[in-house]
Amino acid sequence: MSEFIQAMQWRYAAKRMNGQRIPDETLSGILQACHLAPSSFGLQPYQVLVIDDPELKALCQPAIMNQPQVVESSHMLVFAPWRQFDESAVDLWIERVASERNMPLERLAGMAKTIKQKVAGLGSDEARFQWAAQQAYLAAGVTLSAAAMAQVDATPMEGFDPQALDQVLNLAERNLRSTLVVCLGYRDEAEDWLAPMKKVRWPYHDVMRLLTQQDV
Ligand SMILES: Cc1cc2nc3c(=O)[nH]c(=O)nc-3n(C[C@H](O)[C@H](O)[C@H](O)COP(=O)(O)O)c2cc1C
C-alpha cells in the first residue's frame, strides 16, 4: 500500500509536459487498468478515445482553452460517454455477459429487467448521459492512479468547451459526447510553476470522517 500512497503523493496535475513519448508497454498497462474500471451494472456506457496524432491534438487545443499539455502530452485521452442510449444497449450487454459466462440468456432475465428499469427511470437523454458520465469519471480516476503507479504524469481536464471538442472529433456521429480530457505524458519541471508546490488537501479528518450510530 505504501507504494501506492507514494505514487499518489508523487502525482499532480502537471501544467506543462515535455513531449516525451510513453513506451507502448507502459501505455498499454494504463489503458488496460482503465478498461478494467468498475461501472454501474458493468455497462461501461462510454468510450475512451486515445489520441497521439500531433496534428489532431493541435486541432483540439483551441477547444481545450489552449492548455499547453494537449500538444505537449504523449497521449490525450477523451472520456466520452454514450450520447443517447436505451434498453437496446442493455440487451447487447446482457448478450455479452451470457456469452462470456456461458450462461443461458433466461438466467439473466432478472438482471436485464433491473438494468432496464434503471436506464428508463433516469427519465431523459440528458440524465442518462450524466449517469454515463459518472461511470466515465470512475474510469478516469482509475486511469490517473494507474498512471501514477507507472510514474507517468496525468492531468485531468474539464477546462474545455465540450461542444467545440465534440465538433472537432465528430463525436455526435459516434453517438458520444466528451466529458473529461486526460493528458498523459511527462512533466516539464523547469517550465511548470506547479511542479515545486506542496500538494494541498483539506485536513485528513475533515474529509475522512468515522461515523457511528451515535453520530446519526
Ligand atoms: C474534474 C477535474 C477537472 C480538472 N480540470 C483541469 C484543467 O482543465 N486543467 C488543469 O491544468 N488541471 C485541471 N484539473 C486538475 C486539478 O486542478 C487538480 O487535480 C487539483 O488542483 C488537485 O491537485 P493535484 O491533482 O495536482 O494533486 C482538474 C481536475 C479534475 C479532477
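Contact, in these notes, means heavy atoms within 4.5 Å.

**Ground rules.** I am looking at a predicted model, where local features need pLDDT of at least 70, side-chain atom pairs count only at pLDDT 80 or more, and totals for chains, interfaces and linings use all residues. Residues are numbered from 1 along each chain as its sequence is written, and side-chain values use heavy atoms, with hydrogens and water left out.

**Gln67.** I started with this residue and looked up its contacts. Leaving aside neighbours within four places in sequence, I found Gln67 in contact with Gln61, Met157 and Gly159. Gln67 sits in the loop between helix 3 (54-60) and helix 4 (69-72). Helices here are DSSP runs of H or I with at least four residues, strands are runs of E with at least two, and both are numbered from the N terminus. Next I checked polar contacts, which are pairs of N or O atoms within 3.5 Å; within protein, one atom must be able to donate a hydrogen and the other to accept it, and residues adjacent in sequence count only if both atoms are side-chain atoms. A polar atom of the Gln67 side chain is 3.0 Å from the backbone oxygen of Gly159. A polar side-chain atom of Gln67 also lies 2.8 Å from a nitrogen atom of the ligand.

**The ligand.** Which residues come closest to the ligand? I noted Ala13, Lys15, Gln67, Lys199 and Arg201, out of 15 residues that surround it; to be near, a residue needs a heavy atom within 4 Å. A backbone N or O atom of Ala13 is 2.8 Å from an oxygen atom of the ligand. A polar backbone atom of Pro156 is 3.1 Å from a ligand nitrogen atom. Taken alone, the ligand exposes 620 Å², and the protein buries 64% of that. Accessible areas come from the Shrake-Rupley method with a 1.4 Å probe, and for residues only the protein chains shown count as cover. Strand 3 (residues 153-157) gives the most to the shell, with three residues. I sorted the shell into six nonpolar, four polar and five charged residues. The nonpolar class is Ala, Val, Leu, Ile, Met, Phe, Trp, Tyr, Cys and Pro, the charged class is Asp, Glu, Lys and Arg, and the others, Gly among them, count as polar.

**Cysteines.** How many disulfides does the structure hold? I counted zero, using the rule of two cysteine sulfur atoms within 2.5 Å. Cys60 is in no disulfide either, with the nearest cysteine sulfur, that of Cys183, 9.8 Å away. Buried or exposed? Cys34 is buried at 5% relative accessible area, and Cys60 is buried at 0%. The cut-offs are under 20% for buried, over 50% for exposed and partly exposed in between (1.4 Å probe, protein chains only).

Most residues other than glycine have a negative phi. Asn102 has a positive phi, near 55°, and sits in the loop between helix 5 (87-100) and helix 6 (109-121). Asn102 counts as exposed, at 73% relative accessibility. Asn175 has a phi near 60°, also positive, and lies in the loop between helix 8 (162-169) and strand 4 (180-185). Asn175 counts as partly exposed, at 30%.

**Whole chain.** I finished with the protein chain, which has nine helices and four strands. Buried residues make up 39% of its 216 residues.
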